[in-house]
Amino acid sequence: MHFLSHYYTELPANNPLFVAALGIPDLTAGFSKIYNSLIRNSVEPAAEGLAQVHRGIMAHYAGDKKFHNSPYFMQQQHAFIQSFVEAGLDRSRLRLSVLAHIALELMLDRQILMHDHNLCHHYYEIVDKADEQVLQNYFDSLSLERQKQVYLERFHFFKQRRFLLLFDDLESIVFGLNRVYGMVT
């Protein structure tokens with residue numbers, strides 16, 4: 001899932017730290033390794049703010065696991081791959097399963113945006129309220145200085161650019177797909 005779909009599936013959750021933390025895995029390169037080695041089996045922090053961040057990250061991975069194992073995801077991913085092959089994309093040069101995976105997630109966010117544009121505005125309003133010091137403290141508690149810097153840089157860009165609001169335009173989806181595919185591969 002992508003940013004808006006993670007938020008959508010957690011409604012009515014509205015704690016800014018929780019909502020912002022839903023995006024940490026997607027904004028921090030290599031975060032799945034950190035999750036698997038440090039976070040997945042760790043105890044939830046006692047401090048409420050850090051606990052909200054932890055819960056958001058845990059919810060992100062729980063949502064991904066459920067969605068990526070669903071028959072809908074598997075069917076749609078297969079259909080996307082078939083469309084790419086029929087359009088002439090070269091399987092030897094591109095990882096079509098990754099491309100299909102990302103495209104499906106972006107299109108799902110687009111559908112949510114087109115169904116309820118105000119939901120996206122509300123999402124950004126909540127994310128803007130997240131206490132960045134608490135987000136930084138979470139990374140610090142895990143001794144993740146480099147990842148913290150990467151996350152903060154991308155988080156600021158994400159909030160400033162508000163690129164999810166551009167998803168009603170298909171060209172923006174293609175731009176986003178290219179950018180995310182490049183980061184993943």
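Is Phe-3 buried or exposed, and what is its relative accessible area? Phe-3 is buried, at a relative accessible area of 6%; buried means under 20%, exposed over 50% and partly exposed in between, with a 1.4 Å probe and protein chains only. The model is predicted: local features need pLDDT of at least 70, side-chain atom pairs count only at pLDDT 80 or more, and totals for chains, interfaces and linings use all residues. Residues are numbered from 1 along each chain as its sequence is written, and side-chain values use heavy atoms, with hydrogens and water left out.

**View 1. Buried residues of helix H1.** In H1, Phe-3, Leu-4, Ser-5, His-6 and Tyr-7 are buried. Helices (H or I, at least four residues) are DSSP runs, numbered from the N terminus. The buried residues of H1 pack against H5, H10, helix H2 (16–21), helix H3 (24–27), helix H7 (96–115) and helix H8 (117–128), where contact means heavy atoms within 4.5 Å.

**View 2. The ring pair Phe-3 and Phe-163.** Rings of Phe, Tyr and Trp (its six-membered ring) pair if their centres lie within 6.5 Å; planes under 30 degrees apart count as stacked, over 60 as edge-to-face and the rest as tilted. By this rule there are 14 aromatic pairs. In one of them, the ring centres of Phe-3 and Phe-163 are 6.1 Å apart and the planes stand at 90 degrees, so the pair is edge-to-face. Phe-3 belongs to helix H1 (residues 3–10) and Phe-163 to the loop between helix H10 (145–161) and helix H11 (170–184), so the pair ties together parts 160 residues apart in sequence. Phe-163 is partly exposed, with a relative accessible area of 21%. Ring pairs link Phe-3 and Phe-163 with Tyr-7, Tyr-123, Tyr-124, Phe-158 and Phe-167 into a cluster.

**View 3. The ring pair Phe-80 and Phe-84.** This aromatic pair is edge-to-face, 6.3 Å centre to centre with 85 degrees between the planes. Both Phe-80 and Phe-84 lie in helix H6 (residues 71–86), four residues apart, about one turn of the helix. Phe-80 and Phe-84 are both buried.

**View 4. Packing of helices H4 and H5.** Helix H4 (residues 31–39) packs on helix H5 (residues 48–68) at an angle of about 115 degrees, with the axes 12 Å apart. That makes H4 roughly perpendicular to H5, a label for angles of 65 to 115 degrees. Phe-31, Ser-32, Tyr-35 and Ile-39 in H4 meet His-54, Ile-57, Met-58 and Tyr-61 in H5. The residues of this contact divide into six nonpolar, two polar and no charged; Ala, Val, Leu, Ile, Met, Phe, Trp, Tyr, Cys and Pro count as nonpolar, Asp, Glu, Lys and Arg as charged, and the others, Gly among them, as polar.

Conventions:
Axes fitted to C-alpha atoms, helices over the stretch in contact; angles between N-to-C directions. Helix = DSSP H or I, 4+ residues; strand = E, 2+ residues; numbered from the N terminus. Parallel < 35°, antiparallel > 145°, perpendicular 65-115°, else oblique.
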